[in-house]
Amino acid sequence: MSFENVINRKNTNSLKWDHTAERYGAQELWPMWVADMDFRAPEPVIEAMQDVLNHGVFGYHRRPESLREATTAWIAKRFDWMVENKQLVFTPGVVPAISHVIQTFTEKGDGIIIQPPVYYPFYSLIESNERKLLRNPLKETEQGFTVDLEDLEVQMQKGAKMLLLCSPHNPIGRVWSADELENIAMLCEKYNVLVVSDEIHADLVLQGKHIPFAKAAAKKDINVVTCMAPSKTFNLAALQLSYVIFEKEELQKAYEAHLQQQFVGIDSPFATAAAEAAYREGETWLEEMLDYVRGNVRYVKEFVDTNMNLLDVMEPEGTYLVWVDMRKLNMDASELESWLRKEAQVAFSDGHIFGKEGAGFVRINVACPRANVEEGLHRLQSAYDTLISSK
Ligand SMILES: Cc1ncc(COP(=O)(O)O)c(C=O)c1O
């Protein structure tokens, strides 16, 4: 498949292409924000959904056992992690899955640690469930961002019950190393903190290797819940299919009982057919897509380094999101926001929405044809040139 093809997504009720005005105040901004791709899904996925469509009867559906088999085979192949079919609990999206994990395993007022700047719905998950937000900001070093272990221990000493880990990390793009994960696991064991590892970006690794937290922590006596999905990997977010992997049967039983009480399940025939086809037949597409995205990241890095020397591109190890440091422009968060919208006419994700540590940064989604990346960067460069020449 050619990832160069520009597919018009306007007038398809696309969040990114039809609803930018809702968030950014103007529809004509060039959209490189919400984390989906402008690529067509793998052909076998489309064919599997087409078969469901052609049948034409959409009565009640049960998730087939073969979906579990395809999923655990994928996990074994990609991460060398042996998960049994029975360890999976299917959920309609990772965000709702995490909300249910919070409700099942913590009480109102319990402390939950996050590592900002981080995927912003983590804040609302904690706040809307009336839990206490404990912040363990990432530490900026010469080599980039890493976990601040000393502060993590301080947060745990405040009586944290849960750590919400983002692995790979959105928006920073870090793929955590074995050492980093083991150090986190050590503290979680010491302070008996349950880890919810959001690994929705696990398949999107550009450099290095993703290690599931549960695998890194296998020798530790801790409670780990892993959230994964084919949605980011194969651009199936609208189908709302994800799953949670449990290591301990008693935790899984409690979670399943909670989901049952809330009448939560995932049984859309389109979603199950798409997910199974993706895991069985989508790997070549994934590898080609990752290569294409690597090219886009390189393009962004080279273009920005050559043309906008006050901006710094942090090359992601994982995800298709590029975190760009614009702090040298010396604008506060609202000045930067308004400059990006009014002068550059682009809709990037503003760094501060991921937490105050993100102020002065933007997150650019490069899972799109190169022509779209070029358009966004040319708009940015033109505003940048005007800004610099006016100084
Ligand atoms: C870290 C992370 N978790 C969860 C999600 C969304 O998951 P879902 O659409 O399955 O609720 C995203 C989407 O960008 C994400 O980046």
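Before the first element is named, a convention: helices (H or I, at least four residues) and strands (E, at least two) are DSSP runs, numbered from the N terminus. This is a predicted model, in which local features need pLDDT of at least 70, side-chain atom pairs count only at pLDDT 80 or more, and totals for chains, interfaces and linings use all residues. Residues are numbered from 1 along each chain as its sequence is written, and side-chain values use heavy atoms, with hydrogens and water left out.

Domains, then. The protein is divided into domain 1, which covers 15–42 + 283–385, and domain 2, which covers 57–281; the bounds come from an automatic or database domain assignment. Taken over C-alpha atoms, the centres of domain 1 and domain 2 are separated by 25 Å. Across the boundary, 34 residues of domain 1 are in contact (heavy atoms within 4.5 Å) with 34 residues of domain 2.

Seven strands make up an open sheet with mixed pairing, in the order 2-10-9-8-7-3-4; two strands pair if DSSP finds at least two bridges between them. Strand 2 (88–91) and strand 4 (132–135) are the edges, and each has a single partner strand, so one side of each is left without a neighbour in the sheet. The twist averages 25° from one strand to the next. Within this sheet, strand 7 (residues 160–166) pairs with strand 8 (residues 194–198) in the parallel sense, over five bridges. Leu165 has Ser197 of strand 8 as its bridge partner.

Two helices lie across these strands. For the angles, axes are lines fitted to C-alpha atoms, for helices over the stretch in contact, and angles run from 0 to 180 degrees between N-to-C directions. Helix 5 (residues 94–105) lies across strands 2, 3, 7, 8, 9 and 10, and runs at about 175° to strand 8. Helix 4 (residues 65–79) lies across strand 2, strand 9 and strand 10, at about 110° to strand 2.

There is also an open sheet of four strands, in the order 11-12-15-14, with antiparallel pairing. Here the edges are strand 11 (312–314) and strand 14 (349–350), each with a single partner strand, so one side of each is left without a neighbour in the sheet. Strand 14 is joined to strand 15 (residues 361–365) by two bridges, and Asp350 stands opposite Val362 in strand 15.

Which way does helix 3 run relative to helix 12? Helix 3 (residues 43–55) and helix 12 (residues 269–281) pack at an angle of about 150°, with axes 8 Å apart. That makes helix 3 roughly antiparallel to helix 12 (the cut-off is over 145 degrees). On the helix 3 side the contact includes Pro44, Val45 and Ala48, and on the helix 12 side it includes Phe270, Ala273 and Glu281. By class, the contact residues are 12 nonpolar, no polar and one charged, where Ala, Val, Leu, Ile, Met, Phe, Trp, Tyr, Cys and Pro count as nonpolar, Asp, Glu, Lys and Arg as charged, and the others, Gly among them, as polar.

The other pair is helix 4 and helix 13 (residues 283–307), whose axes come within 13 Å and cross at roughly 45°. Trp74, Lys77 and Arg78 of helix 4 meet Glu283, Leu286, Glu287 and Leu290 of helix 13. That contact has three nonpolar, no polar and four charged residues.

Notes: Parallel < 35°, antiparallel > 145°, perpendicular 65-115°, else oblique.
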